[in-house]
Amino acid sequence: MASTVSADFFLQNESEAIFRITRSPSVIKAHVLFLQGLFEELNINRHAFTQASITFSKNQIASTTFDYFGTGDSQGESRQATFKYWQNNILSQIACIKARGTEPIFIVAFGSAALLLDDDILLKVNGVQLWHPEVKGARFIKKMERLDLLNGNAALLKSKQYKEIAGYQVNNKLWSILKDRQYQLDAKNKSKVTWLECIEANDEVLSKNRIRDCELWVDSDKLLLIEQQKYWLSATLIVPDILIGYSLRLLLENINNE
Amino acid sequence: MSELNKIQQKLIKILQVLMPSYEVDFWQNDVELFGALPELDSMTIVTLIGEIEDKFDTEIDDEDITEDNFLTVESLTNFLENKLV
């Protein structure tokens, strides 16, 4: 089935042109908004969302992916970005998709993108899939800070106005909000959110850390353990076909239930 | 199997996931890690540390992220043994 791919700048307001790519099949029965992980996490998952977008499109599911304000090809400097800006980026894309049609909207978020989600966003979509979510901001920030320690840039972490992490200049306020962030799930939205966790073929159970992370989902059908190599860890590019297959099946089930 | 061997096997499994282009037999005691493998850039080392923390249910202090501890498979195994046992 043919699909159209368009890349454009979405004007959130006069100073915020957000770069996005939309893939639209000729018949659309749902729309997925992909949320990439933050900072360096973007690079380890980009190919997975591209492949997912192609697969979804063959099943009449349109999709949009975009660069957060101040990152990638979107307007602005990363040091100007705030937590609210990035949440507004998501809300604006949802509003834009809603304005174009009445199809259900689903979010597929990778890694640290889960930290941006809140009840306001969840209320506006029909469902959310979390792919290996990072739910603890402090752990994510520690990872990024270690990156700079290893790169010998520790002094930059002490700058008063912003930090420089892996080439991104990030204002201290955003850093601090992310660090304090813990993904919280309101009971009324619980049924909307599915956690997709990849486990290696020989791993029988989740690590204790991950069990603690997803304690709200354990013992529910909203936690899916998928035997899929952890592609984002690998220095070699791996397309997570099994994860994408599960994700698609889940979307199709959700669409049928709408 | 000794505790040291168990730790090393678990560590090698993590290294295999991170760098699947190397055969299982490649990961011997004397294989140099820090600065020796092109795939092991700073992002991969951060990922390795995260996976070690996850799989061994432990926390690694920033002060322990040293060239000495991460020099070879053996030195990293010994560091983990000292930390965990």
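Me: How far apart are the centres of the two domains of chain A?
Reply: The C-alpha centres of domain 1 and domain 2 of chain A lie 23 Å apart. Please keep in mind that this is a predicted model.

Me: Which residues belong to which domain?
Reply: Domain 1 of chain A is made of residues 3-135 together with 185-257. Domain 2 of chain A covers residues 136-182.

Me: And how many residues are in contact there?
Reply: On the side of domain 1 of chain A there are 22 residues in contact, and they meet 19 residues of domain 2 of chain A.

Me: What area is buried between them?
Reply: About 1,900 Å² is buried between domain 1 and domain 2 of chain A, and carbon and sulfur atoms give 60% of that area.

Me: Which three residues of domain 1 supply more of it than any other three?
Reply: They are A:Phe39, A:Arg79 and A:Phe83, which supply 36% of the area that domain 1 of chain A buries against domain 2 of chain A.

Me: Why talk about area at all?
Reply: The accessible area lost when the parts come together is often used to give the size of an interface.

Me: Fine. How many salt bridges are there between the two domains?
Reply: The count between domain 1 and domain 2 of chain A is 4 salt bridges. As an example, A:Arg139 pairs with A:Glu134 in a salt bridge, and their closest N and O atoms are 2.7 Å apart.

Me: What about polar contacts?
Reply: Across the interface of domain 1 and domain 2 of chain A, 11 residue pairs are in polar contact, with both residues at pLDDT 80 or more.

Me: Which elements of domain 1 give two or more residues to that side?
Reply: They are α2 (83-100) and α6 (208-213) of chain A. Of the elements, α2(A) gives the most, with 3 residues.

Me: Changing topic to chain B. How many helices and strands are there?
Reply: Chain B has 3 helices and 0 strands. From the N terminus on, its elements run α-α-α.

Me: How compact is chain B?
Reply: Chain B is as compact as a globular protein of its length, because its radius of gyration of 12 Å is close to the 12 Å that the globule rule gives for 85 residues. Along the principal axes, the C-alpha atoms of chain B fill a box of roughly 30 × 30 × 20 Å.

Me: Where does chain B meet chain A, in terms of residue counts?
Reply: In chain B, 23 residues are in contact with 23 residues of chain A. The area buried between the two chains is about 2,000 Å², of which carbon and sulfur atoms give 57%.

Me: Which residues of chain B lose the most area to chain A?
Reply: B:Val17, B:Met43 and B:Val46 do, and together they make up 27% of what the chain B side buries.

Me: How many salt bridges link the chains?
Reply: There are 5 salt bridges between chain B and chain A. One of the pairs in salt bridges is A:Arg146 with B:Asp62, whose closest N and O atoms are 3.3 Å apart. Across the interface of chain B and chain A, 8 residue pairs are in polar contact, both residues being at pLDDT 80 or more.

Me: Which helix of chain B gives the largest share to that side?
Reply: The largest share comes from α2(B), with 10 residues. The elements giving two or more residues are α1 (3-18) and α2 (42-55) of chain B. By class, the side of chain B that touches chain A has 11 nonpolar, 3 polar and 9 charged residues.

Technical notes
Residues are numbered from 1 along each chain as its sequence is written. Chains are lettered from A and ligands numbered from 1 in the order in which they are written. This is a predicted model: local features need pLDDT of at least 70, side-chain atom pairs count only at pLDDT 80 or more; totals for chains, interfaces and linings use all residues. Side-chain values use heavy atoms; hydrogens and water are left out. Domain bounds come from an automatic or database domain assignment. Contact means heavy atoms within 4.5 Å. Buried area is the accessible area (1.4 Å probe) that two parts lose on being put together, summed over both. A salt bridge is a side-chain nitrogen of Lys or Arg within 4 Å of a carboxyl oxygen of Asp or Glu. A polar contact is a pair of N or O atoms within 3.5 Å; within protein, one must be able to donate a hydrogen and the other to accept it, and residues adjacent in sequence count only if both atoms are side-chain atoms. Helices (H or I, at least four residues) and strands (E, at least two) are DSSP runs, numbered from the N terminus. The radius of gyration is taken over C-alpha atoms; the globule rule is 2.2 Å times the number of residues to the power 0.38. Ala, Val, Leu, Ile, Met, Phe, Trp, Tyr, Cys and Pro count as nonpolar, Asp, Glu, Lys and Arg as charged, and the others, Gly among them, as polar.
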